[in-house]
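Let's take a friendly walk through this protein model, one spot at a time. Keep the viewer open and follow along.

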Amino acid sequence: LVVTVHDLAFTHDPTQFTRRGVAFFRRAIELARRDATLVIAPSQATIDDCRAHGFDPERLRLVPWGIEPRPASEAEVAAFRADHGLDGRYVLWAGTIEPRKNLPALLDAFAGLADDDVHLVLAGPQGWNEDLTSRLTALRGRVRPVGFLTPEHLRAAYAGAEVFCFPSRREGFGLPVLEAMAQGTPVVTSSGTATAEVAGDAGVLVDPDDVDGLRDALDALLADPSRRTRLGAAGLERARRHFSWSATAAALDAVYREAASTGDAPS
């Protein structure tokens with residue numbers, strides 16, 4: 001039995017999840033810890049969480065996820081902008097709206113930007129336990145929630161953004177960061193997390209709870225087109241070089257072969 005553990009975020013703050021979800025996760029992790037021959041995790045952050053919650057370190061295997069960079073065309077970006085009335089510059093965030101994504105900190109940072117003509121686009125479905133009404137009202141139309149986007153429209157949203165900002169407190173991997181990098185869009189994300197592993201030195205890393213630091217990082221990038229270009233190019237190169245699906249597939253194949261060769265479940 002090989003089990004993939006994407007993240008253990010629920011163990012850090014169960015109040016940020018539904019009670020039913022937490023109960024399900026706890027039982028699933030208990031079974032994985034007991035029965036899995038090998039356990040796959042997509043980031044060192046998740047590996048560390050698994051170790052902290054009683055998984056045998058000898059059974060843990062790191063397999064980062066990948067991406068196939070497919071640059072959005074200028075026509076696709078223009079169509080996305082037209083569909084959502086975006087005729088100026090914008091910062092993009094993408095994900096399910098839930099507490100660990102840390103949107104209140106992003107909205108507070110955005111409210112203090114030096115350039116108040118820049119919009120913030122929020123792409124993704126409404127999740128749970130997060131009421132942003134008062135902050136959105138205070139920003140008076142500078143924020144555009146666009147809801148769920150198809151993969152094609154999401155690629156265009158990334159490609160058209162000046163900056164992708166993802167200050168999540170905790171992720172198992174951080175695929176949105178990699179998706180932005182694959183479109184050559186500069187990234188601001190959270191230090192000390194799995195998303196920092198993805199971004200590496202191609203992203204700007206900020207303490208996710210430091211609203212002033214987040215605002216300063218956005219202000220600095222929005223005011224410096226040459227730096228945005230450099231970071232975007234570095235991110236695209238990093239995505240292509242270090243996060244291919246072929247590398248993920250080869251690593252998964254190796255883990256399953258290793259598990260099959262042992263022939264025994266954990267005692």
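## A serine to start with

S43 counts as buried because its relative accessibility is 1% (buried means under 20% relative accessible area, exposed over 50% and partly exposed in between, with a 1.4 Å probe and protein chains only). You will find S43 in the loop between β2 (38-41) and α2 (44-52); helices (H or I, at least four residues) and strands (E, at least two) are DSSP runs, numbered from the N terminus.

The S43 side chain reaches the backbone oxygen of G172 at 2.6 Å. Setting aside neighbours within four places in sequence, S43 touches L62, G172, A194 and E197, where contact means heavy atoms within 4.5 Å.

## About the model

This model is predicted: local features need pLDDT of at least 70, side-chain atom pairs count only at pLDDT 80 or more, and totals for chains, interfaces and linings use all residues. Residues are numbered from 1 along each chain as its sequence is written, and side-chain values use heavy atoms, with hydrogens and water left out.

## Nonpolar cores

The largest nonpolar core has 63 residues, and L92, F164 and V188 have the most contacts inside it. Such a core is a set of buried Ala, Val, Leu, Ile, Met, Phe, Trp, Tyr and Cys residues joined through side-chain atoms within 4.5 Å. A second, separate core of 16 residues includes V5, A9, A36 and A41.

Which residues does L92 contact, leaving aside its neighbours within four places in sequence? They are V121, A123, A157, Y158, A161, V163, F164 and C165.

## Aromatic pairs

The structure holds 7 aromatic pairs (rings of Phe, Tyr and Trp, its six-membered ring, with centres within 6.5 Å; planes under 30 degrees apart count as stacked, over 60 as edge-to-face and the rest as tilted). F24 and F25 form an edge-to-face pair, 6.0 Å centre to centre with 65° between the planes. F24 is exposed, at 57% relative accessible area, while F25 is partly exposed, at 32%.

W93 and F166 have ring centres 6.5 Å apart and planes at 25°, so this pair is stacked. W93 lies in strand β4 (residues 90-94) and F166 in strand β7 (residues 163-166), so the pair ties together parts 73 residues apart in sequence. Both W93 and F166 are buried, and together with Y158 and F164 they form one aromatic cluster.

How values were computed:
A polar contact is a pair of N or O atoms within 3.5 Å; within protein, one must be able to donate a hydrogen and the other to accept it, and residues adjacent in sequence count only if both atoms are side-chain atoms.
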